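Hi,

Here is the structure I promised to pass on. Have a look at it first, and my notes follow below.

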Amino acid sequence: MSVYEKLKALNIELPAVAAPAAAYVMYAQTGNTVFVSGHIAKKDGKPWVGQLGKNMTTEEGKQAARAVAVDLIATLQAAAGGDLNRVKRIVKVMSLVNSTSEFTEQHLVTNGASELFGEVFGEQGKHARSAFGVAQIPLGACVEIELIAELG
């Protein structure tokens, strides 16, 4: 099953690629490696605001991370010249979770993105990963994720 067939089976329609919110580009490529800038969680087109351990549950954070992954895939498609079948591997994912100092389930929140990459890209979606708790994310978003991928 192709990447696009998997997206369709998951009822995922990729959004338009967002414009940078500051002085950066949405992705940069060197050789076959693409570095995708951090994307914040959005809900209904607006920043998904919240703090894990304060006013958001781990499950809500996981849903937010999955939403970020959809946006990352859209940007990765643009980086791949419009063809996600060129993605050879999701190499690394870094996740920042807006959380209280007592919250310790950043890794479970990040699974929302990691699991989606696995569903969409199969073996090529398995990646190295870091998940951090941070005091704040731009615009008050609950999650921000960036990724590194290899194109074929």
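Let me begin at a spot on the surface: E123 has a relative accessible area of 54%, so this residue counts as exposed. Please keep in mind that the model is a predicted one. E123 pairs with K126 in a salt bridge, with 2.9 Å between the closest N and O atoms. K126 itself is partly exposed, at a relative accessible area of 46%.

K62 and E115 form one of them, their closest N and O atoms lying 3.2 Å apart. K62 sits in helix α2 (residues 58-79) and E115 in helix α3 (residues 106-121), so this pair ties together parts 53 residues apart in sequence. R66 and E119 form another, at 3.0 Å between the closest N and O atoms. Here too distant parts of the chain are linked, with R66 in helix α2 and E119 in helix α3, 53 residues apart. R66 is partly exposed at 29% relative accessible area, and E119 is partly exposed at 34%.

Now for the overall fold. The chain has 3 helices and 7 strands, arranged from the N terminus as α-β-β-β-β-α-β-α-β-β. Its radius of gyration is 15 Å, which agrees with the value near 15 Å for a compact globule of 152 residues. Of those residues, 43% count as buried. Among contacts with a separation of 6 or more, 80% come from residues 24 or more positions apart.

On charge, there are 14 positive and 15 negative side chains, and the centres of the two sets lie 3 Å apart.

Best wishes

How values were computed
Residues numbered from 1 in each chain as written. Predicted model: local features only at pLDDT ≥ 70, side-chain atom pairs only at ≥ 80, totals over all residues. Heavy atoms only, no water. Helix = DSSP H or I, 4+ residues; strand = E, 2+ residues; numbered from the N terminus. Rg over C-alpha atoms; globule rule 2.2 N^0.38 Å. Buried < 20%, exposed > 50% of the residue type's maximum accessible area, 1.4 Å probe, protein only. Contact = heavy atoms within 4.5 Å. Lys, Arg positive; Asp, Glu negative; His and termini not counted. Charge placed at Lys NZ, Arg CZ, Asp CG, Glu CD. Salt bridge = Lys/Arg side-chain N within 4 Å of Asp/Glu carboxyl O.
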